[in-house]
Amino acid sequence: MRMYDIIEKKRDGYALTKEEIRFFVDSYTDGKIPDYQVSALLMAIYFQGMTDEESAALTMAMAHSGVWLDLSEIAGTKVDKHSTGGVGDTTTLILIPLVASIGVPIPKMSGRGLGHTGGTIDKLESIAGFHVEISEARFKQLVNENGLSIIGQSEQLAPADKLLYSLRDVTATVNSIPLIASSIMSKKIASGADKIVLDVKLGQGAFMKQLPDAQALARTMVGIGNKVGKETVALITNMDQPLGRAIGNALEVKEAIATLKGQGPSDITELVIKLGAHMAVLGEKAKDIPHAEALLRENIKNGKAIEYFSRFVEAQGGNVAVIDQVDLLPQAAYTYDLTAKTSGYISELVAHELGCAAMLLGAGRRSKEDEIDLAVGLYLHKKVGDQVEAGDMLCTIYANDEDVSDIQRLIEKNIVISNEQVKPTLLLDLIK
């Protein structure tokens, strides 16, 4: 089998066989194929696309390129969740203990973040003493004992994905639905869960800007999951404005704690209820979505959700006192309040630009080597659709620099007030 023939076949619009796909993934992972040939194949895939069978074969080849987490020692139906990312996306911190509280076992591998704020792992490290570097055996033990655990993603998980993504990043082939789908699903499948719920973000603060593109990505990923025996559901949700009110690591942990206590913003609460309901049904702990939603709401109300979060934090070495004393989380040296100059309604909170403002404060990484400032970020006092009067508080900046005037101007430019009220939509589509 020759790489030249595989490139030529895909260039001419023909479907690759499972064996051809496995050959190129394995050979490239082993260093036997040069970058220039794989780059040519990626460009051919970008223009010619892939069939569902090809996408599934590519996903499985990538998943098999490294370690495959065996979760058979964990009792019950294991359900994983993945978000395609956004601004203020704190859902994992809330969703995992909430769903675990109704009996679904949640073994979760998460990563660190590039972009607006840190990933789930960075956010959790805002809690003093919390550690994610635990052994696989301990990880499984904690899920069996407490119903959940979150650890850092292993470098050995789907290494082909990391190699291929590095090439896609420099060859203008990132924005290819089969390549995006196989990248995401290879890691999810290798992580060992039985079933998967996907949160596909849509909007100007997300990777997918148009509904047809988000639907195509969701259908491809659901198709891959179902084809390889992992029942998968995707929800397409709105990311035109930041999710919740907090953008920044410690600030998002504080918001997650409030939400688990029933005191969180309505949009993030509703999103975790929707995602959690599908996880509960897939995990066989609810007969249908309305039943699942009722169970989840009850466990927020009766304190069981925050109890599971406390259990999870303590088991991984974190200081559980933060749950009742959120000021123990990292604190910024300075706060700056931005107020409305006119009256009207919030018509737009430009998610991407507000995320960039948080990153400029130090809440995120521009490159993987950057250090994150866990204390800094933004808190939005108003959301899209809210009425405001001149002088009302719009946003608080949390900073460790005295001069944030440039960032302040960026934020003010991207909080838009108009005369007409806009009603945002959270859930845009469901793909099963």
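Which helix does E293 lie in? The first legend answers this for the predicted model.

**View 1. E293 sits in helix α13.** Helix α13 spans residues 289-301. E293 counts as buried, at 15% relative accessibility. Leaving aside its neighbours within four places in sequence, E293 touches I273, K274 and A277.

**View 2. Four strands make an open sheet.** The strand order is β1-β4-β5-β13, and the pairing is mixed. β1 (79-83) and β13 (427-431) are the edge strands. Each of these two pairs on one side only. On average, neighbouring strands of the sheet are turned by 15° against each other, direction ignored.

**View 3. β4 and β5 pair in the parallel sense.** β4 covers residues 195-202, and β5 covers residues 232-238. The two strands are joined over 7 bridges.

**View 4. C356 and C395 are in no disulfide.** A search of the whole structure finds 0 disulfides. For C356, the nearest cysteine sulfur is that of C395, 14 Å away. For C395, the nearest is that of C356, also 14 Å away. C356 is buried, with a relative accessible area of 17%. C395 is buried too, with a value of 0%.

**View 5. A158 has a positive phi.** Most residues other than glycine have a negative phi. The phi of A158, however, is near 45°. A158 is found in the loop between β3 (148-152) and α8 (159-170). With 2% relative accessibility, A158 counts as buried.

**View 6. A172 also has a positive phi.** Here phi is near 60°, again in a residue other than glycine. A172 is found in the loop between α8 and α9. Is A172 buried or exposed? A172 counts as exposed, because its relative accessibility is 62% and the cut-off for exposed is over 50%.

How values were computed. Residues numbered from 1 in each chain as written. Predicted model: local features only at pLDDT ≥ 70, side-chain atom pairs only at ≥ 80, totals over all residues. Heavy atoms only, no water. Pairing = 2+ DSSP bridges. Axes fitted to C-alpha atoms, helices over the stretch in contact; angles between N-to-C directions. Disulfide = S-S within 2.5 Å. Buried < 20%, exposed > 50% of the residue type's maximum accessible area, 1.4 Å probe, protein only. Contact = heavy atoms within 4.5 Å.
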